[in-house]
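Good morning, everyone, and thank you for making time for this.

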Amino acid sequence: MEGGGKLAYSGGGLRHESKLLRSFSSVEPRRFGLGLIVGLLVVACAYFSTAKFDAANIAMSKHQMSSSAVGISSPVNADDSSKQPLDLGVQDQGALPKEEIKAEKDDGSGISDSGVLDASAAPLNPATEGGKDDEDPEKDDDPRAVAVLPPLSSDSADTTQESGVLEDQELQVQNAVAEAANPPENSDSISSSTNGSSPSVIPFPSDPAEIHAPAPAPAIQDPADQIPEIENPPLSTPEIQAALVQLTPPSPEVRQAGWEAPPLPDWKPLCDVTSNHRIDWCELDGDVRVLGANSTVTLVAPPGADDRTFREESWRIKPYPRKADPNAMHNVREVTVRSVSASAGAGAAPACTVRHDVPALVFSDRGYTGNYFHAYTDVVLPLFLTARQYSGEVLLLVADFQMWWLGKFLPVFKSLSNYELVDLDHDPRVHCFRRVQVGLTSHDDFSINPRAAPTGESMLDFTAFLRAAYGLPRDVAWPASAGAANATAGKKTRPRLLVIARGRNRRFVNVEEIARGAKKVGFEVSVSEGGHEVAPFAELANSCDAVVGVHGAGLTNMVFLPRGAVVIQVVPLGPMEFVASYFRGPSRDMGLRYLEYRITPEESTLLDKYPRDHPVIADPGSVKAKDWVSFMGVYLFEQDVRLDMKRFRPVLKKALARLRAKPKNN
């Protein structure tokens, strides 16, 4: 409760008790009795006027409180006033004056806008405010003041600690006013009194479920001249404890009245036909509509577009990476890529039939894809390079759809896309996307430039991807991959050599002799030509530690070899430096060891067809200078190879030594 008179009475009763006792005998009994009666009347008047003042303040502050946080006032037994000091510093939250409520909201005193008490708020020092409790709005929040409160009644064995609960504001004001006017004798509510019997009403909440279990009362020390300061006092109420863990919700982002959407980027051409010597490609972002029936990819202008951010264009693209080779591009279907304004009409921008939440890639599987090497370097590798960044969330739209070819590499497509392939030429639907790329990213023949890759992929990543796509078990070559069981049993393990036997041209004429020589050197030997199915030959190649073959598409199977394996390319007679590079550099980029063996005229079957002084034998450069067809017809399609094993055996020994050596990049 408040009141300067009560504070003075409390201070005088404690600090001058001994002085009053010493001077008691010097006071005349008559004067002492009169003075005692007058003093009691003054104290009673001060008490009732203070109670009325508190009730009036409660009524005035009712409409200003956002939520009622009620603190139970400190009850004191008047019979023990000579033994315990009256603590008047803790005020009723419901009885805070209007000025105090305003101070709490403005000064961050610990009560949030939602009415939750923050126990971490630092209490103010009443000494700095003239020593008046009613001018200290945070005095109620000081846990030290709560910790030294006496129990409700000295006659009760079980003490009940004060509990701050949320109550109905209307009931609180009515009961407080009624109590100030006529204190009730019987009440079901917790009370405080100056004589231990006349209570001051603090109502319970209307819903019993809202009542929190009271915490145990703190220990009370014997009275002293000064109230001791308690370090790290315990929290007194569940409400204060909840306030410690309550998080302030983030303020929502409020857009100002003048806020505008970010401006559209400057327009750039839809297609790039100059920067890459292998392929033209287009990138479209926005409202993109693909109609395969007439091979059109249309970008519709966004709202608010102007001449700076949008232009109408039209391009004709063949999405295959051999644009400089008319023979390869002859059978590749042309795709029209264009941009139209929103007002161009339904004919220019067909209505969407199917909408997709993933981007799309448009490419062709024609050209030279019938050749095993070109299948990888023209489609499989560029598709990996372009689609890998989407982690399967991309739709593949295939122009010139060839089911036999797509089925041959089906594990690759399933590993790159979570969706079925779309036959673009025979699909009557209008597919709508937010992003479409026409044409695949391509760097060079059978090669990746990691610095130019979308997410830094390399040939090592490509071969690891293929081994995973086909479920191949070996990632590292012999001897690191030697079985633990064989090593434990003391069995000797030998590396395995795959001899690629071509069926039509550039064959090994003496393949059996080659196999015997390799076994003498220390290899296990497997001879195979391969077939239409990729998976069986991929498993065979992955089981080997070295491969030897005449330059040709069969060497493409090096992509399935474990890392650290050896590749031996036998270069046939003729000006083959350029075509030999198709496997020389890529094999090293795959983490393989590369060896090259160039045959002599005596090891070529061309010497059986042409005399030794013929330009085909004596001057191969003159044949190449004529044209590519003449070069291919002679050196790629007419000759086979008969290896001289005395000359070739050191190459096999070097391959074995390379396998035993520790890889430089592993």
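Predicted model: local features only at pLDDT ≥ 70, side-chain atom pairs only at ≥ 80, totals over all residues.

Let us begin with helix H9, residues 372–387, and helix H12, residues 459–469, which pack at an angle of about 95 degrees with their axes 11 Å apart. The axes are lines fitted to C-alpha atoms, for helices over the stretch in contact, and the angles run from 0 to 180 degrees between N-to-C directions. H9 is therefore roughly perpendicular to H12, a label given to angles of 65 to 115 degrees. Helices here are DSSP runs of H or I with at least four residues, strands are runs of E with at least two, and both are numbered from the N terminus.

Residues are numbered from 1 along each chain as its sequence is written, and side-chain values use heavy atoms, with hydrogens and water left out.

Which residues of the two helices meet? On the H9 side they are Tyr376, Val380, Leu381 and Phe384, and on the H12 side Met459, Asp461, Phe462, Phe465 and Leu466, where contact means heavy atoms within 4.5 Å. Sorted by class, this contact has eight nonpolar residues, no polar ones and one charged; Ala, Val, Leu, Ile, Met, Phe, Trp, Tyr, Cys and Pro count as nonpolar, Asp, Glu, Lys and Arg as charged, and the others, Gly among them, as polar.

Now to the cysteines. If a disulfide is taken as a pair of cysteine sulfur atoms within 2.5 Å, the count comes to two.

One of them joins Cys271 and Cys282, with the sulfur atoms 1.9 Å apart. Cys271 lies in strand E1 and Cys282 in strand E2, so this bond ties together parts that are 11 residues apart in sequence. The torsion about the S-S bond of Cys271 and Cys282 is about 100 degrees, which means the disulfide is right-handed.

Another disulfide joins Cys352 to Cys432, also with an S to S distance of 1.9 Å. Cys352 sits in the loop between strands E5 and E6, and Cys432 in strand E10, 80 residues apart. Here the torsion is about -100 degrees, so the disulfide is left-handed.

Methods
Parallel < 35°, antiparallel > 145°, perpendicular 65-115°, else oblique.
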